[in-house]
Amino acid sequence: MSRERMAEPALEDMAQLRRVNRVRRARRRRRVRGLLLAVLLMTALALYAGYRTTQWAAARSTPGQEKQSSQTQPLHTPASIPAEPAPAASGGDDDEGSFAKDQPFTDEEFEELTADVLDEIVWDGMTRLEQARAVFDYVHDHIIYTGHSDKSDWKTGAYTGLTTGKGDCFTYYAVSRALLTALGIDNLAVERVGGETRHFWNLVNCGDGWYHFDACPRSSKLPPFLSFMFTDRQAADFTAEAGRNYYDFDGSLLPERATETVTEN
């Protein structure tokens, strides 16, 4: 057999070996890439899990806990939230337009803050009632109930609520008042009469009469109640069912309220 014929199988074996080596190298590269992708995925999952754990821990440490959406179910808060705010150490509602002497903000800053919120929740074509509901939902869902607030005056309460996202019933009332006033919707303050604790809410007129408006969440131990544009009768029924003077108020201090039901409960 000639040397050329003897060399042919050797050449074929070398070519086969090279092909096998190429396949092996390709497989190794794929395995390395797969391992790298797996490591990256596990790292991302670990980071996400850590983030969620941090968020959960922060929520657990906050007295208000997470709020429920007022658009999809009756408004109430977890049982760990007090049914009513603690008695205020000072203040109450001041005169219309009053500011604390040592307010930490200017009129322009206050107006800009409310305008920024309204730009997010109100748009052209909405009715006054729809605008009021947008304010109600925003205030209910964006403030955490803590049981205390600065009650030196309502604008300070509103500014604090909008910038910190925390407060008590006075804060919910004050933020609602600030946003409703900026929209040109008539609103007044209402304060509970009697009882061991204080409670504040709004009286609102969208053009069809005055209705009660309370964006503050309540304990889940209380009956479910959508406290948006409700009548005196609905306030009395809820108060009777709750077994306390929740919405007791002095009607002689307020304009005559509408009787037609707007919000069904």
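Mentor: A residue counts as buried when its relative accessible area is under 20%, as exposed when it is over 50%, and as partly exposed in between. Please keep in mind that what you see is a predicted model. With that cut-off in hand, you can read Asp168 and Lys151, both of which are buried.

Trainee: What do Asp168 and Lys151 form with each other?

Mentor: Asp168 and Lys151 form a salt bridge, in which the closest N and O atoms are 2.5 Å apart. Asp168 sits in the loop between β2 (166–167) and α5, whereas Lys151 sits in the loop between β1 (144–145) and α4 (154–164), so this pair ties together parts that are 17 residues apart in sequence.

Trainee: How many salt bridges does a search of the whole structure find?

Mentor: The search finds five. One of them joins the side chains of Arg133 and Asp137, with 2.9 Å from N to O. To read this pair, start from the general idea that an α-helix has 3.6 residues a turn, so residues three or four places apart point the same way. Here, Arg133 and Asp137 both belong to helix α3 and lie four residues apart, which is about one turn of the helix. Arg133 is partly exposed, at a relative accessible area of 23%, while Asp137 is buried, at 8%. In another salt bridge, the side chains of Arg198 and Glu191 meet at 3.0 Å, N to O; Arg198 is partly exposed, with a relative accessible area of 22%, and Glu191 is partly exposed too, with 33%.

Trainee: At what angle do the axes of helix α3 and helix α5 cross?

Mentor: The axes of helix α3 (residues 128–142) and helix α5 (residues 169–182) come within 10 Å and cross at roughly 145 degrees, and the crossing is right-handed. On the α3 side, the contact is made by Ala132, Val135, Tyr138, Val139 and His140, and on the α5 side by Tyr172, Val175, Ser176, Leu179 and Leu180. These residues divide into eight nonpolar, two polar and no charged.

Trainee: Which residues of helix α6 are buried, and which are exposed on its other side?

Mentor: In helix α6 (residues 232–242), the buried residues are Gln234, Ala235, Phe238, Thr239 and Ala242. Seen down the axis of α6, these buried residues fall within an arc of 135 degrees, so they line one face of the helix. On the other side of α6, the exposed residues are Arg233, Ala240 and Glu241. The buried residues of α6 pack against β6 (228–230), and just after the helix Gly243 takes a positive phi of about 75 degrees.

Trainee: How many of the residues of α4 are buried, and what do they pack against?

Mentor: Eight of the 11 residues of α4 are buried, so this helix is largely enclosed by the rest of the structure. The buried residues are Trp154, Lys155, Thr156, Gly157, Ala158, Tyr159, Gly161 and Leu162, and they pack against α2, α3, β2 and α5.

Trainee: Where is Thr114 placed, and which residues does it touch?

Mentor: Thr114 lies in helix α2 (residues 107–121) and is buried, with a relative accessible area of 6%. Leaving aside residues up to four places away in sequence, Thr114 touches Leu162, Ala178, Leu179 and Ala182.

Definitions and conventions: Residues are numbered from 1 along each chain as its sequence is written. This is a predicted model: local features need pLDDT of at least 70, side-chain atom pairs count only at pLDDT 80 or more; totals for chains, interfaces and linings use all residues. Side-chain values use heavy atoms; hydrogens and water are left out. Axes are lines fitted to C-alpha atoms, for helices over the stretch in contact, and angles run from 0 to 180 degrees between N-to-C directions. Helices (H or I, at least four residues) and strands (E, at least two) are DSSP runs, numbered from the N terminus. A crossing is left-handed if the near helix is turned anticlockwise from the far one by less than a right angle, and right-handed if clockwise. Contact means heavy atoms within 4.5 Å. Ala, Val, Leu, Ile, Met, Phe, Trp, Tyr, Cys and Pro count as nonpolar, Asp, Glu, Lys and Arg as charged, and the others, Gly among them, as polar. A salt bridge is a side-chain nitrogen of Lys or Arg within 4 Å of a carboxyl oxygen of Asp or Glu. Buried means under 20% relative accessible area, exposed over 50%, partly exposed in between (1.4 Å probe, protein chains only). The arc is that of the directions from the helix axis to the C-beta atoms.
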